[in-house]
Amino acid sequence: MLEEKGDIMLKIAILGVGSRGATTYGDYLMTLKDKVKITAICDIDLNKLAYYQKKYHLDASSCFSNTTDFFKAGKLADLLIIATLDQQHYEHAMQALDLDYHLLLEKPISPSIEECIEIEKKALKKKRVVVICHVLRYTAFYRKIKEIIDSKQLGDIVNINSVENVGYWHQAHSFVRGNWRNSKETAPMILAKCCHDTDLLNWLIGKKPLYVSSYGSLSYFKKENAPKGSASRCIDCPVRSQCPYDAIQYYVEGAKKLKQPGWPYDVVVLDPTPEKLLEALKTSPYGRCVFNCDNDVVDHQVLNIQYEDQITVAHTMCAFSKECYRTLRVYGTMGDLIANGLTNEIIVHPFKTGEEIVIDATKLTNDLSGHLGGDHVMLDELINLLEGHPANLDSSIEKSVMSHLVCMAAEESRLHQGQSISIEEFKKQHS
Ligand SMILES: NC(=O)c1ccc[n+]([C@@H]2O[C@H](COP(=O)([O-])OP(=O)(O)OC[C@H]3O[C@@H](n4cnc5c(N)ncnc54)[C@H](O)[C@@H]3O)[C@@H](O)[C@H]2O)c1
């Protein structure tokens with residue numbers, strides 16, 4: 001699939017050299033530099049642009065500070081990674097498809113279902129590969145669960161109980177202080193955080209989701225819950241020693257314990273050190289009191305989903321857990337399965353034998369970095385595909401749109417007191 005005759009290396013451009021575009025994908029691609037070449041980057045943040053120009057050994061002419069110039073320059077690579085923020089994906093993806101780029105598009109495809117469907121249609125019309133970063137499908141952990149379900153060891157699936165434990169610190173970082181705090185600027189939390197979960201559920205079950213209903217709210221991170229005497233920034237706060245959401249404790253003290261602080265410290269400041277973090281927190285959004293932000297996304301939400309063949313799912317997303325991880329319980333007619341994404345342990349109980357089969361999924365891979373290893377495997381598979389080698393790519397746009405439909409229908413339900421929404425009808429209304 002290399003575009004030009006004589007090309008020996010896959011060329012990759014990155015739009016948005018932030019946490020995902022650069023720290024996750026770009027930095028990994030640099031480790032594959034005998035196979036692929038980063039040929040261009042674009043970001044409106046001039047500090048990041050200069051930093052990654054140097055890091056990726058690029059000429060100034062290959063670094064763009066706005067998308068107008070970037071797209072005007074024509075097609076600069078075989079593959080474009082789009083890792084800008086949620087509401088920009090549509091505009092950037094449509095322009096990139098016009099230039100015939102293959103795309104690695106960050107999730108969510110778009111916060112608008114209409115836009116998701118339009119990107120899908122255009123990708124099919126232009127015959128371009130558009131892979132959505134539903135990275136969990138590429139992990140050894142979920143691939144093993146899928147293998148067990150498909151092998152019918154559990155019989156037929158009757159019910160799945162899934163939990164997304166967001167992590168109290170992750171909620172504060174991303175969904176109270178950070179990029180995804182306000183649904184008007186990005187996406188509702190159920191889409192931003194749980195399109196991974198609905199994607200996994202659709203994939204694992206392998207049937208159509210029919211109806212969804214949902215409840216949830218922003219119950220805690222609000223002005224009225226601010227402790228008496230608290231200040232608007234943690235650095236000035238006289239009561240921060242009693243607050244688990246204290247930014248100084250989390251970022252500065254946290255970074256002191258690490259040899260090389262990565263995410264989420266590097267979201268606050270590039271090349272983070274405790275000193276740089278302390279300075280940044282005086283003015284950065286990440287130094288704000290969690291009870292004094294412009295956030296509106298929920299801190300807990302539940303979904304009930306009815307699938308074909310009477311299969312039911314109960315999914316919970318909740319901010320208030322110590323760690324950030326997912327758990328899954330699959331109930332089948334011949335056995336059950338309990339999976340814990342924190343320990344990477346999968347336990348299977350076949351009813352007939354009464355055994356307990358314990359699988360340690362850490363032994364199935366030697367890379368557990370970035371979404372249990374999924375970030376890198378997804379890129380490896382995509383590179384294989386574009387280089388014309390066999391590839392196990394699971395997250396095409398056609399498969400991914402359905403996960404977004406379930407999330408957006410759930411949000412519609414939540415906003416209407418849990419009313420049951422038909423996914424089919426919801427899609428028709430938005431097509
Ligand atoms: N697949 C996953 O599991 C996963 C995890 C986290 C985030 N994401 C998604 O990845 C995307 C990026 O998130 P992030 O955490 O890297 O955010 P980020 O803020 O770190 O990076 C976004 C980058 O885009 C740049 N940018 C903004 N507007 C731009 C424009 N008009 N032109 C060029 N550059 C522009 C910003 O300056 C920034 O560097 C989001 O859509 C997010 O929802 C996906």
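**Notes on the chain and its ligand**

1. Let's start with M402, which sits in helix α14 (residues 397–414); helices here are DSSP runs of H or I with at least four residues, strands are E runs of at least two, and both are numbered from the N terminus. This is a predicted model, where local features need pLDDT of at least 70 and side-chain atom pairs count only at pLDDT 80 or more, while totals for chains, interfaces and linings use all residues. Residues are numbered from 1 along each chain as its sequence is written, and side-chain values use heavy atoms, with hydrogens and water left out.

2. The C-alpha atom of M402 is 9.8 Å from that of I117, though the two residues are 285 apart along the chain.

3. Now the whole chain: it has 15 helices and 15 strands. Its radius of gyration is 22 Å, close to the 22 Å that the globule rule gives for 431 residues, so the chain is as compact as a globular protein of that length. That radius is taken over C-alpha atoms, and the rule is 2.2 Å times the number of residues to the power 0.38. Along the principal axes, the C-alpha atoms fill a box of roughly 65 × 65 × 45 Å, and buried residues make up 54% of the 431.

4. Helix α6 (residues 140–150) is worth a look: its buried residues are A140, F141, Y142, I145, K146, I148 and I149. Just after α6, K152 takes a positive phi of about 70°.

5. On to the ligand, which 26 residues surround, with R20, D43, K48, D86 and H196 the closest; a residue counts if one of its heavy atoms lies within 4 Å. By class, the shell has 8 nonpolar, 11 polar and 7 charged residues. Nonpolar covers Ala, Val, Leu, Ile, Met, Phe, Trp, Tyr, Cys and Pro, charged covers Asp, Glu, Lys and Arg, and the others, Gly among them, are polar.

6. Which atoms reach the ligand's oxygens? A polar side-chain atom of K48 lies 2.8 Å from a ligand oxygen, a polar backbone atom of S19 is 2.9 Å from one, and a backbone N or O atom of T84 is 3.2 Å from one. Taken alone, the ligand exposes 840 Å², of which the protein buries 88% (Shrake-Rupley method, 1.4 Å probe). Helices α1 (19–30) and α4 (89–98) are the elements giving two or more residues to the shell.

Definitions and conventions
A polar contact is a pair of N or O atoms within 3.5 Å; within protein, one must be able to donate a hydrogen and the other to accept it, and residues adjacent in sequence count only if both atoms are side-chain atoms. Buried means under 20% relative accessible area, exposed over 50%, partly exposed in between (1.4 Å probe, protein chains only).
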